[in-house]
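Please keep the sequence and the structure at hand while reading.

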Amino acid sequence: MSILLPFLALLIAVGIAAYHRFSLAVFVALAASLLVVVGLAGGNFTATVVCAAILALFALPLLITPLRQRLITTPLLSFYTKILPPLSDTERVALEAGTVGFEGELFSGRPQWDVLLSQPKPVLTAEEQAFIDGPVEEVCKMTNDWETTHVRADLAPEIWEFVKKHKFFGMIIAKEYGGLGFSAYAHSRVIMKLASVSATLSSTVGVPNSLGPGELLAHYGTDEQKSYYLPRLADGREIPCFGLTGPTAGSDATSIPDYGIVTMGDWNGARVLGVRLNFEKRYITLAPVATIIGLAFRLYDPDGLLSDKKDRGITLALVPRGTPGMDIGRRHFPLNCVFQNGPIHGKDVFLPLSQMIGGEDYVGHGWRMLVECLSIGRSITLPSTSSGASKLAAVVTGAYSRIRKQFGLSIGRFEGVEEALARIAGNTYAMTALSQATAAAVDRGEKPAVPSAIAKYHCTEMAREVARDAMDIHGGKGVILGPKNYLGRGWQAAPISITVEGANIMTRSLMIFGQGAIRCHPWVLKEMQAAQNPDPVARLRDFDTNLFGHIGFAISNAVRSWFFGLTASKIGAAPGDAYTKRYYRKLNRYSANLALLADTSMLLLGGKLKFKEKLSGRLGDVLSQLYLTSAMLKRYQDDGCPATEQPLLAWAFHDAAHKIELAMSGVLRNFPIRPAAWLLWMLVFPIGRRAQAPSDRLGRRAAALLMSPSDARDRLADGVFLTPCENNPAGRINAALPKVILAEPVERKFLKALKNSDIEALTFPEQLLEGVREGWITAEEKAQLEELRELTWDAITVDDFDSADLESASLHRPQSVQHRAA
């Protein structure tokens, strides 16, 4: 046994140093100390000497920098330079755009949780809260979504005027230019509340405050452009849209065929240098009513009027409505969601250089401008829209499940419905935490490129799942459209958000891990930059530092993955209270797993990984779920760690952990280099996959929260429009829930007595009268049951129509205008 002790001591030193990420010098000192202790304790002398020799042979070349650089770094740098995949200019811009926030910690394999937990809780200012309680509440009361979607196919004129008057279009515009100057969090909360009422209303308000002329001008506009356009955008004198997508260039925005040629032309009676444009765009929200169009195109300068460079790259311009040659086409009709949307065409449209966003200085920088602003739009508009619709669906579906009865029981008591309610509750809790996290990141000054892609993808996907489950529970109530239907249009709208700003398939398979693996990794981008340094001395020095930092990082993650897997994440330092500490430990494990799998994939697959979209999609799922669970834990802390919220947190966390392990299993089972996959499996899952989907018992607790008033339910519903007014059937159902619960004991008593009686068939009012005469119920209880029946009928009634009411108005026009294909 003594012969093995020195080798065991050496392995222990490696494990301790790798787990804690000690420097090489500290590792050598630790290993040497352990060998001395083993030798003095009677370990085999020869074995101890052999171990000491191994340590010296390993450590000396690495500790002596010139020797290390000559023997190891130089040949590896030459090899790395050859295998480094070439980056296009657009890929380089995408990688360099934006900032890295806490997602970088998740990629580190050893997250510093204090970085997350010390971030301030997002709060509204008094002015922002007053806006939400005042104008936002008022416009929600004004909105009749059935009238919007079926009768008018547009917002009512008074709503258009209201949102302009109260500067809804100027939330992101600074006060100095006449805007509201709201925080990203306030912007998110406004969109969330509007989305709980009408997808048309939230889209109409969201677009001017997202990627478009307002945001681009605020960041890059010239002083003249800002002074003229921003006040007009803020108060609604100008309605903006942004033309990016075309028939042949959707998600691949860098391949847009729309082009402009630098030339001389006439503008406002003067001969000026400008650009002659030809373009065709479609799916452009607000285009049919826009007065100023932001446009992305590729600029060419064949005559060298600006510079010697012929292809100047993607450029952005402002095109006033009515500019000769531009035709704003007719409307698209996106799944019965009638927000203004349509095509734009332009032939030989001339604009002066002063209409280029940012002026001549930003000619050719359009892709960078778009990528940087796109991350902010993805962080707010789409996640908050998904959150608002899902919050409303969650609380109203919970109330409906308690009110609606089948076979004498509330349908929420049936396990099949209970299972769907649990998914609704958990997914809503998760997506609202994620939406809040990305908005808070923007307010901290970040440009969250990777988190925004995570938020856009997962919020829109979870919102579709919530809508599906809510529709299943409501059955015919959700299917029959009309003024009483509060789900149907949201169900129709769910796929729209999924296609906006890049289809979700591409967001998952290309963007999340594709950007995250390089942008968030603590060493990869630094190595790439070092390898491309033109100074040979600095190149070798920097590459050496980053290379060996990366090697130590990889060894550490391998050790940490194996240790956490072997101990089932039950050991290790972690923040949190007695309830959440176990969750942080699991995330420590999954962070190390992700770092290990990402490193191995990039090392062994290299540039081919870009084309392994299924693998990168699964790795992106791991990163996404890590970020999502981090956002949930931060939300839980910000809420004051309420015990009543624990079922929601637990359901969402276990669901995420299960998805993480499924994704990692999918990576390893499909990894093309099988010996590497077998070794990785032993490191990642040394005792097998352990995470399970949320249990039935946990699902029952989560579902119950939706069906009974509580502070946890109130927090889940916070920020959506639930005022029980004429235009808000969902609000009426939610308001009925406490009264229904209060009446349930009386109803059970009455029905039991009625069942045991010999009363012949009577109408419900007659049954109540008989119940009072027989003493089953009191007069007050009779009134309570009458109110219960009234509330129940309001909840379950659907609409019907005369056939003529559903005919298209175009049938009654003398000459019907024929549809023109886009």
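## Lining of the second largest cavity

In this predicted model, the lining of the second largest cavity comprises, by class, five nonpolar, three polar and two charged residues. The residues concerned are Gly426, Asn427, Ala430, Met462, Gln625, Leu628, Ala652, Asp655, Ala656 and Lys659, and the space that they surround has a volume of about 40 Å³.

Two or more of these lining residues come from each of the elements α16, α24 and α25 (646-669). Among the contributors, α25 provides the largest share of the lining of the second largest cavity, namely four residues.

## The largest cavity

How many cavities of 30 Å³ or more does the structure hold? There are two cavities that reach this volume, and the largest cavity contains about 220 Å³ of space. Its lining is made up of 21 residues, and those lying nearest the centre of the largest cavity are Leu116, Gln119, Ala437, Arg444 and Lys634.

The elements α6 (102-106), α16 (415-443) and α24 (613-638) each give two or more residues to the lining of the largest cavity, with the largest share, six residues, coming from α24. When the lining of the largest cavity is sorted by class, 11 residues are nonpolar, four are polar and six are charged.

## Elements at both cavities

Terms used:
Residues are numbered from 1 along each chain as its sequence is written. This is a predicted model: local features need pLDDT of at least 70, side-chain atom pairs count only at pLDDT 80 or more; totals for chains, interfaces and linings use all residues. Side-chain values use heavy atoms; hydrogens and water are left out. On a 1 Å grid over the protein atoms alone, a cavity is a set of points where a 1.4 Å probe fits but cannot get out, and a pocket is an open set with protein on both sides within 12 Å along at least five of seven lines; lining residues have an atom within 4 Å of a point. Grid points are joined across faces, edges and corners, and a volume is the space filled by probe spheres set on the points. Ala, Val, Leu, Ile, Met, Phe, Trp, Tyr, Cys and Pro count as nonpolar, Asp, Glu, Lys and Arg as charged, and the others, Gly among them, as polar.
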